[in-house]
Amino acid sequence: RLNRAKSLLFIPDDVVSSCDCLPPDVPITRSGFCLLGIPIGPPEFCESSTLRRVEKIRMAVSRLHDLEDSQMETTLLRSCLSLPKFNFALRTCPPSAIQVSTAAFDNLMRDSLSDLAGGPVSDWSWLKASLPSSFGGLNVPSCMLLLLLSVLWTSLVHL
């Protein structure tokens with residue numbers, strides 16, 4: 001038995017199909033949908049979905065200054081609001097579909113570190129900050145670098 005309230009029919013744009021055989025109250029989408037937080041659909045849909053995720057993270061990061069404690073702000077940024085908030089998108093979306101949102105996330109993290117440091121963070125400083133703390137970094141990883149490494153690893157595995 002079909003639960004129509006929890007049903008959605010996804011028909012990609014390049015597929016010509018007639019939906020006459022379905023009940024009229026089953027929703028149909030051609031743009032894409034999210035299943036368990038994973039955007040499924042064309043690359044534009046995946047990109048817009050992950051950009052919305054970056055905006056939610058931006059809103060949370062903007063509230064860090066309310067703490068008025070730079071050490072606590074750094075800890076929360078590093079442990080809660082950086083990679084843990086965006087890692088799921090990196091692991092579940094095709095890398096080619098989320099390059100813009102990954103760059104936007106990295107810019108957000110870099111701007112946040114600039115605010116905490118009280119001045120701009122140079123490219124070299126950003127690379128050092130993205131190192132693990134065991135190597136003297138701040139453990140705020142660059143998602144664009146992780147994305148490139150995942151593409152490289154996938155390519156090597158399939159050789």
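1. Let us start with Cys-143, which counts as buried because its relative accessibility is 0% (buried means under 20% relative accessible area, exposed over 50%, and partly exposed in between, with a 1.4 Å probe and protein chains only). Its sulfur lies 12 Å from the closest cysteine sulfur, that of Cys-93, which is too far for a bond. Before going further, please note that this is a predicted model, in which local features need pLDDT of at least 70 and side-chain atom pairs count only at pLDDT 80 or more, while totals for chains, interfaces and linings use all residues. Residues are numbered from 1 along each chain as its sequence is written, and side-chain values use heavy atoms, with hydrogens and water left out.

2. Staying with cysteines, how many disulfides does the structure hold? The number is zero, where a disulfide is a pair of cysteine sulfur atoms within 2.5 Å. In general, such a link is a covalent bond between the sulfur atoms of two cysteines. Cys-34 has its closest cysteine sulfur in Cys-46, at 8.3 Å, again too far for a bond. Cys-34 counts as partly exposed, because its relative accessibility is 43%.

3. Cys-143 also takes part in a helix pairing. Helix α4 (residues 99–117) packs with α6 at an angle of about 140°, and their axes are 8 Å apart. Helices here are DSSP runs (H or I, at least four residues; strands are E, at least two), numbered from the N terminus. Axes are lines fitted to C-alpha atoms, for helices over the stretch in contact, and angles run from 0 to 180 degrees between N-to-C directions. On the α4 side the contact is made by Gln-99, Thr-102, Ala-103, Phe-105 and Asp-106, and on the α6 side by Cys-143, Met-144 and Leu-147; contact means heavy atoms within 4.5 Å. These residues divide into five nonpolar, two polar and one charged. For that division, Ala, Val, Leu, Ile, Met, Phe, Trp, Tyr, Cys and Pro count as nonpolar, Asp, Glu, Lys and Arg as charged, and the others, Gly among them, as polar.

4. Next, have a look at helix α2 (residues 70–81). Which of its residues are buried? Glu-73, Leu-77 and Leu-81 are. Seen down the axis of α2, the buried residues fall within an arc of 50°, so they line one face of the helix; the arc is that of the directions from the helix axis to the C-beta atoms. As a general rule, an α-helix has 3.6 residues a turn, so residues three or four places apart point the same way. The buried residues of α2 pack against α1 (43–62), α3 (83–92) and α4.

5. Val-61 is buried, with a relative accessible area of 7%. Leaving aside neighbours within four places in sequence, Val-61 is in contact with Leu-77, Leu-81, Leu-108, Met-109 and Ser-112. Val-61 and Leu-76 are 15 residues apart in sequence, and their C-alpha atoms are 9.1 Å apart in space.

6. Ser-49 is also in helix α1, and is buried at a relative accessible area of 10%. Beyond neighbours within four places in sequence, Ser-49 is in contact with Cys-34 and Pro-39.

7. Ala-97 sits in the loop between α3 and α4. Is Ala-97 buried or exposed? Ala-97 counts as buried, because its relative accessibility is 4%. Not counting residues up to four places away in sequence, Ala-97 touches Pro-43, Cys-46 and Glu-47. Pro-12 is 85 residues from Ala-97 along the chain, and their C-alpha atoms are separated by 16 Å.

8. The loop between α5 (123–129) and α6 (143–157) holds Ser-130, which counts as buried at 16% relative accessibility. Its side chain reaches the backbone oxygen of Leu-127 at 2.8 Å. Ser-130 also touches Val-140, Pro-141 and Ser-142, with residues up to four places away in sequence not counted.

9. Finally, two backbone angles deserve a glance. Most residues other than glycine have a negative phi. Asn-139, in the loop between α5 and α6, has a positive phi of about 65° although it is not a glycine, and is partly exposed at 36%. Glu-68, in the loop between α1 and α2, has a positive phi near 55° and counts as exposed at 73% relative accessibility.

Technical notes
Polar contact = N/O pair within 3.5 Å; in protein donor to acceptor, adjacent residues only side chain to side chain.
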